[in-house]
Amino acid sequence: KEFTSVYGFQFTIEFDKEKLAFNEITPTAITGLGNFGTTLIDQGAITVSWETNPAMTLADGTEVIKLK
């Protein structure tokens with residue numbers, strides 16, 4: 001929601017490997033496999049980075065990332 005005039009984002013998703021299993025990254029309208037780092041998956045972390053120029057605005061409800 002409120003994805004307005006965004007140039008980029010970067011963050012890390014941390015999870016408990018004992019409680020959650022990572023299966024795959026599903027591409028969305030703006031992100032694909034190249035936007036995700038899985039080198040720390042064995043430690044329960046997935047990194048995400050995306051950027052664009054010019055800034056982008058998306059409609060509310062648009063999927064930005066999708067993991068299974």
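Student: Which residue forms a salt bridge with Lys68, and how far apart are the closest N and O atoms?
Tutor: Glu24 forms it, and the closest N and O atoms are 3.8 Å apart. This is a predicted model, in which local features need pLDDT of at least 70, side-chain atom pairs count only at pLDDT 80 or more, and totals for chains, interfaces and linings use all residues. Residues are numbered from 1 along each chain as its sequence is written, and side-chain values use heavy atoms, with hydrogens and water left out.

Student: Why is the contact of Glu24 with Lys68 called a salt bridge?
Tutor: The term needs a side-chain nitrogen of Lys or Arg within 4 Å of a carboxyl oxygen of Asp or Glu. Here the residues are a Glu and a Lys and the distance is 3.8 Å, so the pair qualifies. A search of the whole structure finds one salt bridge.

Student: Which parts of the chain does the pair link?
Tutor: Glu24 is in the loop between β1 and β2 (36–37), and Lys68 is in the segment after β3; the two are 44 residues apart. Strands here are DSSP runs of E with at least two residues, while helices are runs of H or I with at least four, numbered from the N terminus.

Student: What is Thr52 called, with a relative accessible area of 23%?
Tutor: Thr52, also placed in strand β3, is partly exposed because its 23% lies between the two limits. Leaving aside neighbours within four places in sequence, Thr52 is in contact (heavy atoms within 4.5 Å) with Val6 and Tyr7.

Student: What makes Asn35 buried?
Tutor: The relative accessible area of Asn35 is 17%, so Asn35 falls on the buried side of the limit. Asn35 lies in the loop between β1 and β2.

Student: How many bridges join β2 to β3?
Tutor: Two, and these strands run antiparallel. The definition asks for at least two, so β2 and β3 pair as well. Phe36 has Val48 as its bridge partner in β3, and Gly37 stands opposite Thr47 in β3.

Student: What makes β1 and β2 the edge strands?
Tutor: The open sheet of three strands has the order β1-β3-β2. β1 and β2 each pair on one side only.

Student: Why is the aromatic pair of Phe3 and Trp50 called tilted?
Tutor: Rings of Phe, Tyr and Trp (its six-membered ring) pair if their centres lie within 6.5 Å; planes under 30 degrees apart count as stacked, over 60 as edge-to-face and the rest as tilted. Phe3 and Trp50 are 5.9 Å centre to centre with 55° between the planes, so they form a pair and the pair is tilted. Phe3 is in the segment before β1 and Trp50 is in strand β3, 47 residues apart. The structure holds four aromatic pairs, and ring pairs link Phe3, Phe9, Phe11 and Trp50 into a cluster.

Student: How many residues has the largest nonpolar core?
Tutor: The core has eleven, including Phe3, Phe9, Phe36, Val48 and Trp50. A nonpolar core is a set of buried Ala, Val, Leu, Ile, Met, Phe, Trp, Tyr and Cys residues joined through side-chain atoms within 4.5 Å. Phe3, at 13%, is buried, and so is Trp50, at 7%.

Student: Which strand supplies the largest share of this core?
Tutor: β3, with three residues.

How values were computed. Buried means under 20% relative accessible area, exposed over 50%, partly exposed in between (1.4 Å probe, protein chains only).
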